[in-house]
Amino acid sequence: MMTKTLLALTGASLALGVVATPAHAAPNDKPLVYIFVLDGLDGDLYDQGRLPGIKGLVDKRGTYYQESRAIMVAETNPNHTAMITGAYADTSGIPGNDFALYGNGATSVDGCPLDGVSNGPVSVGLAPECVQAQTFFQSTATKSTRDKVTSAGIFGKPKLATLFAAKRSKKKYAADYLWTPCQSTKTDYCRKTPLNVWGYADDKHTMDAVLASVREGVKSENGKRKKANLTFVNLPTIDSTGHSYGAGKKYRKAAADTDAQIDRFVRQQRKLKLWSRTVLFLVSDHSMDTTPDKITLRDVLIAAGIPAESFIVVQNGGTDMVYLTDRTSPDRFDLLHRMRQAALAAADRGIDEALYREPNPTDGDAANTLDGVHPAWHLNGERTGDLVVTHATGGAFSDPINPTNGGHGGPFTTDNFFAITGGWKGLVKNGTVSGVADARFDDTQANPGQAENVDVAPTALRVLGLEPPRDNRGRVLTEAFKGW
Ligand SMILES: [Zn+2]
């Protein structure tokens, strides 16, 4: 039903001859794209009227996707990577905030650093080389597009700056401008800024950096200062508050405060007479759950007689990834089958599902695989664990330790937030686009008119008249723009 409505809307716009052609727009009408990630924001808060500033913008001109979805694993790094590349976790290189690789005795795999040296699975460190899909910083830094795009990455979380600080030459980053607060390791793009207990800048300081980048411009390709027309921002405070206190009153207050920071941005755009050029993507990477019930999967497996040296568990909040020490042994299917049985036997302690990476001939072949049960997750890649175990709502894994009061990572936290708004006349006034919701939010195939985080990259680049990054599998959100 929703798709038909959208088609009708698009058709009406076309019939009226309202066509926006960004590539041919007059210079002073050329759109400026800003992608703000409101880290950890649950879209339900928008539905409850707790984001009055953003709602006011969307009501005036914009589209709110009520059943938008994060990708699995519902963690920060995979979802920011999805937004900036258009790739899901099976091909982006980043299946979790934490994951493991098989180095076969080397200290890195394809440039992605390992935390140790072994022939079995080793957890990875953080480096731009870990991202295998092309980012939009990289695709817009190619020779043919360089002069069309000035890009900026402003990240309250330093780990995201690290992940997206790929270089295009010895001296130059793919992004024209990078900003993040300095931690113990200094970089040439970090700035001295107060950090919260999680090591992140708060949203006020991060927004200060965004406002300065607009006012002063950033150093562009030819060395002159220019306004960025592709800015990617991470605002961490909602997420930090959710982890510290759970998804209750303080979390809702943090969301309202970030809503006010967006208002600060809008006011400056208006004051600088840039509002009519402004296209805003207001998105969250995942939502948030209060998670008092913790379970240590490693203990569950060992109690069931699984040898401790046969696997490692890599925790991602509500999702655990189990990697086999020997993932090619002919015995692996039986071992994984026993692991799956042990995990599912702990259903009364919060374990929801346990799914294989590859078909298991001892246990239903493809029936119990990630692709067999949740094809729309697109999680079945080489870097994914051999067994992926998820937690029900209200809890998380503790492998080896997870003292947070709130968190995310499992399918129940993929109900994110996604709106496109701004002052640019090419935006359609759709208001709320509703859809259907599945119990685990694995419903993107039933919601072709909704948005996923992989849709950010292709849509943002289309606004600038450009093709998506190389590995994109997202959809251009045509219904949100006139004449597309
Ligand atoms: Zn996050």
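Student: Which order do the strands of the open sheet of 9 strands have?

Tutor: Please keep in mind throughout that this model is predicted. As a general idea, strands of a sheet pair through backbone hydrogen bonds, either parallel or antiparallel. In this structure, the open sheet of 9 strands has the order 9-8-7-12-1-13-22-2-23, and its pairing is mixed.

Student: Which strands are the edge strands of that sheet?

Tutor: They are strand 9 (190–191) and strand 23 (431–433), each of which pairs on one side only. Strand 23 is joined to strand 2 (residues 62–65) by 3 bridges, and the two pair in the parallel sense. Within that pair, Gly-431 of strand 23 has Thr-63 opposite.

Student: In what order do the strands of the open sheet of 4 strands stand?

Tutor: The order is 16-17-19-18, and the pairing is antiparallel. Strand 16 (311–316) and strand 18 are at the edges with a single partner strand each, so one side of each has no neighbour in the sheet. On average, neighbouring strands of this sheet are turned by 20° against each other, direction ignored.

Student: Which helix packs on this sheet?

Tutor: Helix 12 (residues 332–344) does so, and it touches strand 17, strand 18 and strand 19. The direction of helix 12 makes about 170° with that of strand 18.

Student: How many bridges join strand 18 to strand 19?

Tutor: There are 5 bridges between strand 18 (residues 351–356) and strand 19, and these strands run antiparallel. As an example, Leu-355 is found opposite Val-388 of strand 19. Strand 17 (residues 319–324) also pairs with strand 19 in the antiparallel sense, over 4 bridges. There, Thr-390 of strand 19 is the bridge partner of Thr-319, and Val-388 of strand 19 is the bridge partner of Met-321.

Student: Are the residues of strand 19 buried or exposed?

Tutor: For strand 19 (residues 387–391), 5 of the 5 residues are buried, so the strand is largely enclosed by the rest of the structure. Leu-387, Val-389 and His-391 point one way, while Val-388 and Thr-390 point the other way.

Student: Where is the place of Leu-379?

Tutor: Leu-379 lies in the loop between helix 13 (370–373) and strand 19. A residue counts as buried if 20 or more other C-beta atoms lie within 10 Å of its own. Leu-379 has 26 other C-beta atoms within 10 Å, so Leu-379 is buried. Leaving aside residues up to four places away in sequence, Leu-379 touches Met-72, Ala-89, Asp-90, Pro-95, Leu-370, Thr-384 and Val-388. Its C-alpha atom is separated by 14 Å from that of Glu-353, which is 26 residues apart along the chain.

Student: How many residues of helix 4 are buried?

Tutor: Helix 4 (residues 76–85) is mostly covered, with 10 of its 10 residues buried. Among them are Asn-77, His-80 and Met-83. Gly-86 follows helix 4 and has a positive phi, near 80°.

Student: Which residues of helix 9 meet helix 10?

Tutor: Thr-237, Ile-238, Thr-241, Gly-242 and Tyr-245 of helix 9 meet residues of helix 10 including Lys-250, Tyr-251 and Ala-254.

Student: At what angle do the axes of helix 3 and helix 10 cross?

Tutor: The axes of helix 3 (residues 52–60) and helix 10 cross at roughly 50° and come within 7 Å. That makes helix 3 oblique to helix 10. From helix 3, Pro-52, Gly-53, Ile-54 and Leu-57 meet Asp-259, Ala-260, Ile-262, Asp-263 and Val-266 of helix 10. By class, this contact has 6 nonpolar, 1 polar and 2 charged residues.

Notes. Residues are numbered from 1 along each chain as its sequence is written. This is a predicted model: local features need pLDDT of at least 70, side-chain atom pairs count only at pLDDT 80 or more; totals for chains, interfaces and linings use all residues. Two residues are in contact if their C-beta atoms, placed from the backbone, lie within 7 Å. A residue is buried if 20 or more other C-beta atoms lie within 10 Å of its own, exposed if 12 or fewer, and partly exposed in between; C-beta atoms are placed from the backbone. Two strands pair if DSSP finds at least two bridges between them. Axes are lines fitted to C-alpha atoms, for helices over the stretch in contact, and angles run from 0 to 180 degrees between N-to-C directions. Angles under 35 degrees count as roughly parallel, over 145 as roughly antiparallel, 65 to 115 as roughly perpendicular and the rest as oblique. Ala, Val, Leu, Ile, Met, Phe, Trp, Tyr, Cys and Pro count as nonpolar, Asp, Glu, Lys and Arg as charged, and the others, Gly among them, as polar.
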